[in-house]
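These are my notebook entries on one structure, written down in the order in which I looked things up. I begin with the term that I needed for the first entry.

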Amino acid sequence: MSRHPSTTAASPAGDPDAGLNPQQREAVETLDGPVLVIAGAGSGKTRTLVHRVARLVARGTEPEAILLLTFTRKAASAMLERAARLVGPACARVAGGTFHAFAHRMLRVHAPLAGYPVSFTILDRADTAGLLRQLAGELGLGGSGSRFPKKATVAAIFSRAANTGGDVTAVLERDWPHLLAEAEGLRRLYEAYTAYKRAHGLMDYDDLLLRWCDVLEAHPEVREAMGRRFRYLMVDEYQDTNAVQARILRLVACGHDNVMAVGDDAQSIYAFRGANFRNILDFPKLFPGTRIVKLERNYRTTQPNLDCTNAIIAHAREKFTKHLVADRPGGRRPVCFTALDELDQARFVADRVASYHARGVALAEMAVLFRAGFHSFQLEAELNTRGIPFTKRGGLRLVEAAHIKDVLGVLRLLVNPYDRVAWNRVLQLLPGVGPKGADRVFAAVVGAPDPFALLEEWPGRARWTPQVRRLGAYLRRLQGADLALPAVLERIEAWYRPYLERRFLEDHPRRSQDLAQLRGMAGRYEDAVTLLAEVALDPPEPDESAGEGDRLVLSTIHSAKGLEWRVVFVIHLAEGRFPAPSAEGRPEDLEEERRLFYVATTRARDDLYLCRPAMLNFSGAGLLPARPSRFLEEIPADLLEQVAPASPRAGVAVPAAAPREAAPPPGTGAFPPGARVRHTIFGPGRVLEVLGPEKLRVHFDVSGEKVLNLQYARLQRLGG
DNA sequence: TAACCAGCCGTCTTA
DNA sequence: CGGCTGGTTA
């Protein structure tokens with residue numbers, strides 16, 4: 001590579017790095033060797049990464065030799081576009097994407113080294129749940145009325161086990177002690193699940209990273225080739241990586257150690273997915289000689305907003321001490337709005353949005369953020385009635401809908417005719433075929449050299465035999481037709497239409513629009529394998545192709561990571577909503593909830609609104625007074641401008657006393673016999689008997705009967 | 001014995 | 001809206 005002195009990086013417009021502060025410059029100019037950038041929110045870390053890419057290219061580094069790993073593929077391409085504007089179109093050739101996409105791309109070549117076929121299939125969450133259900137059934141676990149945990153829990157346990165060496169019992173002891181009674185069954189299921197995936201060419205999200213890591217560890221020639229191919233590695237959002245990702249990074253950087261990791265420990269919000277923000281602390285151990293750079297100047301927002309966000313993170317138990325100082329002058333205090341209820345909150349947001357819009361702020365420059373996907377339902381309704389266009393990020397996605405999965409299931413069979421999850425789905429579309437019938441057909445498919453031909457000559461005498469034969473013939477013809485991807489999808493849709501109409505009597509027109517959209521996206525991908533991987537790893541958002549025009553952004557906080565808007569509303573800042581009830585009683589989870597609140601509030605450039613409804617609709621229990629979120633109460637009152645509803649709406653009582661008084665610690669009166677409840681450790685259950693003013697006998701779905709003392713027990717009322 | 005259907009329950013975040 | 005349950009049907 002050429003070695004221009006770094007200070008003379010060429011640019012027609014003079015110094016392209018003008019305007020960078022000394023810390024950013026230091027990060028940009030340290031081109032060789034390991035660098036760790038601890039960056040505060042809004043400190044211009046994207047800008048820093050962009051300039052470093054530009055600097056590398058300007059001094060003659062081949063763009064293909066630079067690998068930029070970011071949280072989403074979109075973040076990578078946005079950065080590369082900016083870099084291209086800075087030094088030229090060559091930057092577009094920089095390799096970039098998520099760890100999972102990178103691992104997938106590499107495994108499409110090297111999968112056989114990990115004992116997998118090159119045409120393996122990726123299992124998403126629902127696929128995993130379905131497979132676990134089947135395997136549990138085969139092992140005689142988890143029948144109705146048993147105490148076996150829910151599939152989502154099982155999947156979480158297995159994910160953690162896979163990432164920590166495969167010891168299910170150890171994981172249970174640490175994180176799910178109340179499930180230790182099921183350890184034996186879970187261990188058997190884990191082994192069956194692992195063996196099954198390997199035997200049938202299926203990988204879940206963890207496998208993509210783990211198998212790629214295995215290949216790198218066992219094959220020095222592969223990792224040396226990686227080291228030669230990618231000379232410069234950059235990782236954004238490093239606080240959200242897990243131990244396996246750190247190992248992959250270590251292995252891919254072999255031979256040069258030119259790695260820059262950028263992250264903010266205060267914004268670590270993916271622990272539930274195995275991310276560990278202590279990774280940041282360990283980076284210097286992984287890469288000896290690491291240079292550490294801190295970015296503490298904030299360019300995004302104003303001092304009053306920053307005072308508020310600093311106050312939030314000051315309560316974090318564990319943190320690097322970073323005190324952000326705003327670069328921008330002026331600004332006003334964030335507004336804390338106490339709404340009567342959820343409708344009032346929705347109206348307030350819609351009013352303000354409309355008035356900003358009238359004053360010239362584009363809708364797309366404003367965002368409403370919330371903890372969970374369903375928290376925005378009422379607001380969506382309000383926006384619809386007022387005709388304010390919006391787009392929603394996070395929550396349920398196009399590719400998770402049943403009809404899309406049906407169509408993709410057929411595509412998966414064409415790619416991998418031994419994909420059990422796909423067979424299951426497709427076979428059960430046939431009227432009369434249920435789980436048992438699908439199992440029987442699949443059992444024969446496993447040993448068949450040509451599964452489609454086998455179906456064509458299906459010998460069974462069941463009523464649905466002709467349908468199975470027709471399906472086999474159809475699949476064989478489709479496979480032989482050798483069509484381009486959009487044409488294949490068109491054929492699948494035509495075949496699927498009768499089933500669609502049968503299955504979704506009410507709303508098949510809407511669903512078939514989704515299918516058309518899927519077909520439209522298919523043109524972008526070269527083959528089915530790529531489409532399926534993209535859909536699993538980086539689900540395309542339907543709105544970005546169809547969403548012309550100016551739209552307000554509604555987003556979960558997780559999906560808002562790394563983005564910013566002029567005006568930000570955070571809604572549902574009430575106990576019971578935020579922090580998430582499931583974090584109750586788990587100090588580590590509560591810390592993560594606080595960091596999540598921090599991420600939300602640091603998205604605002606100009607105006608920040610913190611909204612809390614004083615009354616909330618709790619499922620089953622009805623409308624109840626809700627205390628403000630504990631995180632809201634941690635902010636010193638003088639840092640916020642308090643706003644209450646102008647006039648109470650008719651028919652809605654405003655709780656007169658402070659809401660904290662309005663909801664005393666619930667006595668047994670809140671839990672009558674028969675009520676559905678949830679306990680932080682024992683999970684859901686039903687009240688059997690009230691034994692005293694503070695004592696209840698409860699039957700828990702998973703762990704059976706317990707006597708609880710309400711003075712200590714954290715019990716939550718559910719519907720029912 | 002397996003599939004189907006109606007009704008009920010509860011909803012966290014995600015590559 | 002989707003997953004689960006329990007009763008009904010072929």
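A polar contact is a pair of N or O atoms within 3.5 Å; within protein, one atom must be able to donate a hydrogen and the other to accept it, and residues adjacent in sequence count only if both atoms are side-chain atoms.

I noted that this is a predicted model, in which local features need pLDDT of at least 70 and side-chain atom pairs count only at pLDDT 80 or more, while totals for chains, interfaces and linings use all residues. Residues are numbered from 1 along each chain as its sequence is written, chains are lettered from A and ligands numbered from 1 in the order in which they are written, and side-chain values use heavy atoms, with hydrogens and water left out.

**Entry: DNA strand C**

I looked up K151 and found that an N or O atom in its side chain is 3.0 Å from a phosphate oxygen of DNA strand C. I sorted them by type and counted five charged, no polar and no nonpolar residues, with Asp, Glu, Lys and Arg counting as charged, Ala, Val, Leu, Ile, Met, Phe, Trp, Tyr, Cys and Pro as nonpolar, and the others, Gly among them, as polar.

**Entry: the annotated binding site**

The unreviewed UniProt entry gives a "binding site" annotation that covers A39, G40, A41, G42, S43, G44, K45 and T46; such annotations may be inferred rather than shown by experiment. I looked up A39, which is in strand β1 (residues 35-39), and noted that A39 is buried, with a relative accessible area of 0%. Buried means under 20%, exposed over 50%, and partly exposed in between, using a 1.4 Å probe and protein chains only. T46, in helix α2 (residues 45-58), is partly exposed at 28%. Not counting residues up to four places away in sequence, T46 touches M79 and R82, where contact means heavy atoms within 4.5 Å.

**Entry: E217**

I found E217 in helix α9 (residues 205-218), partly exposed with a relative accessible area of 39%. Its side chain makes a polar contact with the side chain of R247, at 3.1 Å.

Note on methods. Helix = DSSP H or I, 4+ residues; strand = E, 2+ residues; numbered from the N terminus.
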